[in-house]
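Let's walk through a structure together, one piece at a time. Have the sequence and the 3D view ready, and turn the view as you read.

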Amino acid sequence: MKQRNQGSTRREILIGSLAGGLVATFRISDVAATPEAMRSAIRQIVGTAQVRKGRVDLDVPPLVENGNTVSLVVSVDSPMTKTDYVKSIHVFNEKNPQPNVIGVHLGPRAGKAKIATRFRLADTQVITAIAEMSDGTFWSASAEMIVTMAACVEVL
Amino acid sequence: MKRFHALMCAVVLAAVAGPAGSADIPLDQRRSGYADLGRDTKAMQDDDTSNPASLGVQDGEALWSQKAGTAGKACAECHGDAAASMKGVAARYPAFSPARKGPIDLEQRINLCRTENQKAEPLAFESRELLALTAYIGRQSRGMPIVQSDARLTSAIDAGRKLFTQRIGQISLSCAQCHDDNWGKQLASSLVPQGHPTGYPIYRLEWQSLGSLQRRLRNCMIGMRAEPYAYGAPESVELELYLMWRARGLTVETPGVRP
Amino acid sequence: MARPLVNVPAKVKRGQAFEIKTLISHIMETGFRYTTTGERIPRDIITFFSCSYNGEEIFRADLYPAISANPFFTFFTTATESGTLEFKWTGDNGFAETATAKITVE
């Protein structure tokens, strides 16, 4: 992409203002989540336990068409028997105003450890899903999600 | 941000500098915006329980049999089962109104029914009720081809085409410069669609709600730095009509999902 | 307002895991947005969703502002006996909604 560094012409200013106006205009408050906030939110769930990579599959679109409504599917590799099952699944983000997305509680009766929902992404970021197993271990998966910039958002 | 502006400039300048006369998209090259949706957005539209617009359709179904106005009549009392009586209706709207000697869109048709037959107040544009009824009626045409063949509408279609190809707003852009001349290219990270109104009212992820074609057109005009036509203005309906004529033969998807 | 949409198979074989889908109308206002005049729009979200199968809770979710407008969920449960699935959503400003679905287990 070539960028000009001369002074802007009138047309460029107008087009610049067009582009500016088309960018999402909602303001994120000063309490935005950070990777640190995400880690602390995770600590609140897992305590001092170790979180291992694996057994969790995070199915999300790599390129997000609109950050307002993003599909999220989490499945966990588990036999889902009375003695070996997924107790809960928690999803976290690092750049939304808050680090938590959702926390769901399952049990052996679920039969299949797979859930889906739709969530919001304020920006390109890493999403982490953590599953708590009936034996007290924690497993996780992360995915980088790219939120593309929509061209024609509605300016209210 | 700087890169984004540069990209926008490139795209918009290319459009502005493009050939003056826009040509119609060849009939066999036309395609619904659905074709360019991501996997997840397609899935959202395809499954009724997943499609958030279903909530509006369900609302519309309830309103269909609800008495309204001083006549105390429900839509269903005259029109019966919408699955039969409304099948194909949305596929041919806007339609010619002999009383108005011109086109009226589906929303206006619903409001005419309310004021003339139900003796009720017209529903506001973009109100939950009007969107719900429009979505419910539109849903009955899903899968049917769009038809625009009423000879009485020829001059209104021409008027709509003029509006579509006319440069408007502070940056002097026309609808045609994006949707006829540059469809399939990128505007920022979004693909420029051909702009066929196959799924209205749509659930737009950007809006997080159901919205009408007129809302979408106003949305475009604001982006073009032009003053949008008022809801229900003759220009808005002529544009809707031209777009439906331009999309003739494509399949009704109502209620659609778009980014 | 629209009733919640719930999708479960009408008939399932005993012992089989089946999918449940739910969709509910709700604005899910995050509490992090501002009006054009700079006032904060107060939070208004669903905070809790649960599903019971013949009275026993089989699924429960805590929701945060990151959940999209018109919350949608899918999850699984194992068919045990015929009966009723009961769904409950609660949230800010006293929001409460319920739905039920019948299931036949063969």
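We begin with two helices: α3(B) and α7(B) are roughly perpendicular to each other, a label that covers angles of 65 to 115 degrees, while under 35 counts as roughly parallel, over 145 as roughly antiparallel and the rest as oblique. Helix α3 is residues 54-64 of chain B and helix α7 is residues 128-139 of chain B; their axes come within 7 Å and cross at roughly 95°. Such axes are lines fitted to C-alpha atoms, for helices over the stretch in contact, and the angles run from 0 to 180 degrees between N-to-C directions. The helices (H or I, at least four residues) and strands (E, at least two) are DSSP runs, numbered from the N terminus.

Before going on, please keep in mind that this is a predicted model, where local features need pLDDT of at least 70, side-chain atom pairs count only at pLDDT 80 or more, and totals for chains, interfaces and linings use all residues. Residues are numbered from 1 along each chain as its sequence is written, and chains are lettered from A and ligands numbered from 1 in the order in which they are written.

Which residues bring the two helices together? Among those of α3(B) are B:Val57, B:Leu63 and B:Trp64, and they meet a group in α7(B) that includes B:Leu131, B:Ala135 and B:Tyr136. Here, two residues are in contact if their C-beta atoms, placed from the backbone, lie within 7 Å. The residues of this contact of α3(B) with α7(B) divide into eight nonpolar, two polar and five charged. In this scheme Ala, Val, Leu, Ile, Met, Phe, Trp, Tyr, Cys and Pro are nonpolar, Asp, Glu, Lys and Arg are charged, and the others, Gly among them, are polar.

Now zoom out to the whole of chain B. Its domain assignment gives domain 1 (30-47 + 146-258) and domain 2 (54-139), with bounds that come from an automatic or database domain assignment. The centres of these two domains of chain B, taken over C-alpha atoms, are 22 Å apart. Across the boundary, 24 residues of domain 1 of chain B are in contact with 21 residues of domain 2 of chain B. On the domain 1 side, α11(B) gives the most, with five residues.

Chain B also has some backbone details to look for. The peptide bond from B:Tyr93 to B:Pro94 is cis, with omega near 0°, and B:Pro94 lies in the loop between α5 (82-85) and β1 (95-97) of chain B. Another cis peptide bond joins B:Tyr200 and B:Pro201, with omega about -5°. B:Lys119 has a positive phi, near 50°, and sits in the loop between α6 (106-118) and α7 of chain B.

Finally, look at where two chains meet: 25 residues of chain C are in contact with 30 residues of chain A. β6(C) gives the most to the chain C side, with seven residues. Strand β6 (residues 100-105) of chain A pairs with β5(C) in the antiparallel sense over four bridges, where pairing needs at least two bridges found by DSSP. Within this pairing, A:Ile102 stands opposite C:Leu63 in β5(C).
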